[in-house]
Amino acid sequence: METLGLGLGFGLLSALIYTYYLCIRNIYRKSGGVGRDPPISVKEKAGAAALLVTAHPDDECMFFAPALLRLTGRRLSVHLLCLSTGNFYKQGEIRKKELLQSCGLLGIPSSRVNILDHRYIQIAIVQSITSKLY
């Protein structure tokens, strides 16, 4: 009897997920998601560029990978400015290399990646956070 209840539960869950998928697909199609012209055309916007500013390495892939892939897929000149090396655990050099590798996979050449390593930025952030805690 437990097997029947478990199977019924999975069946209902599958039906619910499929229904959700159909609703989202319907909304996407009604909004013109399929077959619409891209809002940015390389021919119309020659020399168009985008700048992404992140706080630390790994933000580009954790939060912005889909947007970056779309922009680089449209052949825009995408640049990345990272405001720290992420050196909190003394892994700044490793995280710099990971950032450059990640950007390479996302279509951003290393010549368009700038990483700031200014101690005063890190100190200002720590002071700001600690002043709110105490």
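The questions and answers below concern a predicted model.

Me: Which kind of aromatic pair do Phe-63 and Phe-64 form: stacked, tilted or edge-to-face?
Reply: The count of aromatic pairs in this model comes to one, and Phe-63 and Phe-64 form that pair, with 6.4 Å centre to centre and 75° between the planes. Because planes over 60 degrees apart fall in one particular class, the 75° angle settles the matter, and the pair is edge-to-face.

Me: Is Phe-63 buried, partly exposed or exposed?
Reply: Phe-64 has a relative accessible area of 32% and is partly exposed, whereas Phe-63 has a relative accessibility of 54%. Because the exposed class begins over 50%, Phe-63 counts as exposed.

Me: Which residues does Ser-102 touch, not counting those up to four places away in sequence?
Reply: Ser-102 is found in helix α4, which spans residues 92-106, and at 13% relative accessibility this serine counts as buried. Once residues up to four places away in sequence are set aside, the residues that Ser-102 touches are Glu-60 and Cys-61.

Me: Which backbone nitrogen does the side chain of Ser-84 reach?
Reply: Ser-84 has its place in the loop between β2 and α4, where, with a relative accessible area of 10%, the residue is buried. A polar atom of its side chain lies 3.0 Å from the backbone oxygen of Ala-55. The side chain of Ser-84 also reaches, at 3.4 Å, the backbone nitrogen of Gly-86.

Me: Which residues does Val-113 contact, leaving aside its neighbours within four places in sequence?
Reply: The largest nonpolar core has 13 residues, and Val-113 is among those that touch the most other members, a group that also includes Leu-68, Val-78 and Leu-80. At least two residues of this core come from each of β1, α3 (65-73), β2 (77-82) and α4. In soluble globular proteins, nonpolar side chains tend to be buried together. With neighbours within four places in sequence left aside, Val-113 is in contact with Leu-80, Leu-99, Leu-100, Cys-103 and Ile-108.

Methods:
Residues are numbered from 1 along each chain as its sequence is written. This is a predicted model: local features need pLDDT of at least 70, side-chain atom pairs count only at pLDDT 80 or more; totals for chains, interfaces and linings use all residues. Side-chain values use heavy atoms; hydrogens and water are left out. Rings of Phe, Tyr and Trp (its six-membered ring) pair if their centres lie within 6.5 Å; planes under 30 degrees apart count as stacked, over 60 as edge-to-face and the rest as tilted. Buried means under 20% relative accessible area, exposed over 50%, partly exposed in between (1.4 Å probe, protein chains only). Helices (H or I, at least four residues) and strands (E, at least two) are DSSP runs, numbered from the N terminus. Contact means heavy atoms within 4.5 Å. A nonpolar core is a set of buried Ala, Val, Leu, Ile, Met, Phe, Trp, Tyr and Cys residues joined through side-chain atoms within 4.5 Å. A polar contact is a pair of N or O atoms within 3.5 Å; within protein, one must be able to donate a hydrogen and the other to accept it, and residues adjacent in sequence count only if both atoms are side-chain atoms.
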